[in-house]
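Please look over the structure below, then read on.

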Amino acid sequence: MLVVCCGNPDRGDDAAGAFVARRLREMGIDAREHSGDALSLIDTWQGADEVVLVDAVVTGRRAGTVSVWDTLESPVAGRPRIGSSHALGLAEAIAISRTLGGLPRRLTLYGIEARRFEMGEPPSKAVLRGVERAARKVYEHCIDQRRPAV
Amino acid sequence: MNGKAATKVSNSRSIKVDYLARVEGEGSIQVKLKGDQVQDVQFGIFEPPRLFEAFLRGRHYLEVPDIVARICGICPVAYQMSAVNALERILDIAVDPAVQLLRRLIYCGEWIESHALHVFMLHAPDFLGFPDAIRMAAEHRELVELALRLKKIGNQLMIVLGGREIHPISVTVGGFYKVPTKADLRALVDDLVWARDTSIAAVRIVAGLDFPDFEQDYEFVALSHPSEYPLNEGRLLSNRGLDIDVSEFNGQFMEQHVKHSNALHCRLRERGSYLVGPLARFNLNFDKLPEAAQQVARECGVAPPCLNPFRSIVVRAVELVFACEEALRLIAQYEPPAAPRVEAPVRAGTGHGASEAPRGVLYHRYEIDEHGLIVNAQIVPPTAQNQKRIEDDLWRFVPQLTALSLDKITAKCEQAVRNYDPCISCATHFVKVERIP
């Protein structure tokens with residue numbers, strides 16, 4: 001299983017993914033930090049059977065809320081461009097990868113609700129609490145996958 | 001049409017694109033038409049104002065390359081190079097020629113990544129009639145696969161020289177923290193040969209696209225070096241007589257606040273808007289391109305002066321050929337430096353640096369005190385310099401379009417903005433998720 005945590009650690013709540021990666025490594029899970037660049041994501045998950053993605057998301061819920069999506073079952077829709085600097089994001093990466101035939105068999109997104117994205121600012125306390133919750137959920141996800149089926 | 005509005009009230013028409021897609025960052029364009037007359041054009045950047053200049057104050061100069069790399073996820077090397085150039089001028093550091101070579105080489109990696117992304121994934125859909133790269137991938141799978149492989153090769157150069165593919169960590173004032181071995185670089189050669197040959201083919205592909213009939217009388221501004229196509233060194237030149245050392249930047253250019261944008265507009269003091277980026281570099285430095293790049297450009301009917309901004313997609317592809325060919329040349333010449341970096345005693349002073357980001361000239365100025373702490377920083381990115389020029393293009397381009405529907409005018413305006421590959425903020429990302437029934 002591949003665990004990929006996206007975000008910019010120097011940009012407010014966008015640091016959530018990177019912070020989860022660091023926490024997961026402390027817990028013994030091999031988690032990669034990633035910029036979130038779509039083309040690089042496609043390359044990163046090429047050939048992987050199962051991928052867990054962790055990222056800051058904006059859905060209108062309370063800051064720090066952790067949500068989980070099976071992204072192959074419930075498509076991650078496009079969104080207004082506000083807040084994003086990436087020309088192509090996760091939704092585009094999944095769509096392009098699907099077209100090219102390189103999607104993993106399972107792709108789960110753990111999203112941490114984010115609100116503030118100022119340059120050079122730390123993540124909010126609510127998001128830091130979300131980071132801890134997300135790290136625990138991803139840890140359990142990984143451990144569950146390692147358990148032999150009964 | 002997400003984030004877009006096209007309205008008609010009496011004989012007034014307003015075209016507004018709130019969230020400009022397929023550019024790096026947050027931008028909007030607003031064009032107001034009355035009858036067939038353009039009444040107003042505003043290209044806005046509504047990211048929060050850049051805080052990095054303030055953020056750098058009080059930090060030690062050695063921290064600067066790592067901090068400024070965070071400004072942009074697409075062109076971190078450019079920020080690092082302009083910064084180290086400025087700081088090394090203050091400290092009077094002359095770096096080893098092998099270090100200069102490696103800096104040029106890592107810059108090639110960034111150009112390959114950035115140009116491959118823009119040519120194939122961001123700009124090509126406009127010309128081929130697709131709303132985005134996803135829809136384009138279904139019919140032009142080969143273009144997307146080509147972009148992915150080219151970008152990966154650029155990434156590899158960044159990883160070998162910078163320690164990772166984004167926000168490199170090995171660049172420092174005076175050199176690198178770690179330099180590659182000759183074998184590390186030789187391992188990249190086969191991929192770069194493929195990338196060069198593919199880029200030559202790509203020039204031919206994009207040169208065959210349909211281009212609007214639109215030429216402008218631009219003032220092009222780019223770095224120029226006596227013997228090299230500009231990347232990391234040179235004087236600032238224009239086609240209208242500008243020829244200055246980088247330290248004279250503020251004497252010739254001025255930054256202005258405009259109400260509708262959070263980024264400062266930059267103008268030449270005497271002459272107003274100007275253009276930086278691939279078209280400027282190409283037109284001012286064509287003779288410094290390697291023969292393979294010059295040859296395919298001529299074969300495809302693109303030669304200086306190229307005054308049609310829509311042909312910038314071809315020029316970017318020509319620069320891809322250059323970046324691959326240059327990387328191969330540099331790797332063939334490489335001998336590791338005696339020391340990866342040189343140090344110099346700290347002293348107070350002010351220094352200026354510039355380099356050619358994929359989108360154009362990136363200027364930095366730093367003032368440091370006797371302890372090496374930053375007193376003042378000034379960063380002028382290429383997109384800020386092109387903002388006024390983008391507006392000027394739209395003022396002149398839209399009158400050609402007034403017979404079209406508002407949706408088509410809107411799409412053409414977006415395409416015209418993407419001619420500049422504007423990099424508006426970079427380095428943040430998150431997703432807004434909607435559940436689709």
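In this predicted model, four bridges join strand β7 of chain B to strand β8 (residues 235-238) of chain B. The two strands run antiparallel. Helices (H or I, at least four residues) and strands (E, at least two) are DSSP runs, numbered from the N terminus. Two strands pair if DSSP finds at least two bridges between them.

**The sheet in chain B**
- Three strands make up an open sheet, in the order β7-β8-β9 of chain B, with antiparallel pairing.
- Its edge strands are β7 (221-224) and β9 (243-244) of chain B, and each pairs on one side only.
- B:Ala222 has B:Leu237, in β8 of chain B, opposite it.
- Helix α10 (residues 278-285) of chain B packs on the sheet and touches β7 and β8 of chain B. Two residues are in contact if their C-beta atoms, placed from the backbone, lie within 7 Å.
- The direction of α10 makes about 55 degrees with that of β7 of chain B. Axes are lines fitted to C-alpha atoms, for helices over the stretch in contact, and angles run from 0 to 180 degrees between N-to-C directions.

**The nonpolar cores**
- A nonpolar core is a set of buried Ala, Val, Leu, Ile, Met, Phe, Trp, Tyr and Cys residues joined through C-beta atoms within 7 Å. A residue is buried if 20 or more other C-beta atoms lie within 10 Å of its own, exposed if 12 or fewer, and partly exposed in between; C-beta atoms are placed from the backbone.
- The largest core has 156 residues, and A:Val20, B:Ile112, B:Ala147, B:Val203 and B:Val318 touch the most other members.
- Helix α4 (residues 97-128) of chain B gives this core its largest share, 15 residues.
- A second, separate core holds 15 residues, including B:Val398 and B:Tyr420.
- Leaving aside neighbours within four places in sequence, B:Ala147 contacts A:Leu39, B:Ala116, B:Leu117, B:Phe120 and B:Met121.

**The two chains**
- Chain B contains 14 helices and 15 strands. Of its 437 residues, 54% count as buried.
- Chain A contains four helices and five strands. From the N terminus on, they run β-α-β-α-β-β-α-β-α.
- Of the 150 residues of chain A, 51% count as buried.

**Reading the numbers**
- Residues are numbered from 1 along each chain as its sequence is written, while chains are lettered from A and ligands numbered from 1 in the order in which they are written.
- In this predicted model, local features need pLDDT of at least 70, side-chain atom pairs count only at pLDDT 80 or more, and totals for chains, interfaces and linings use all residues.
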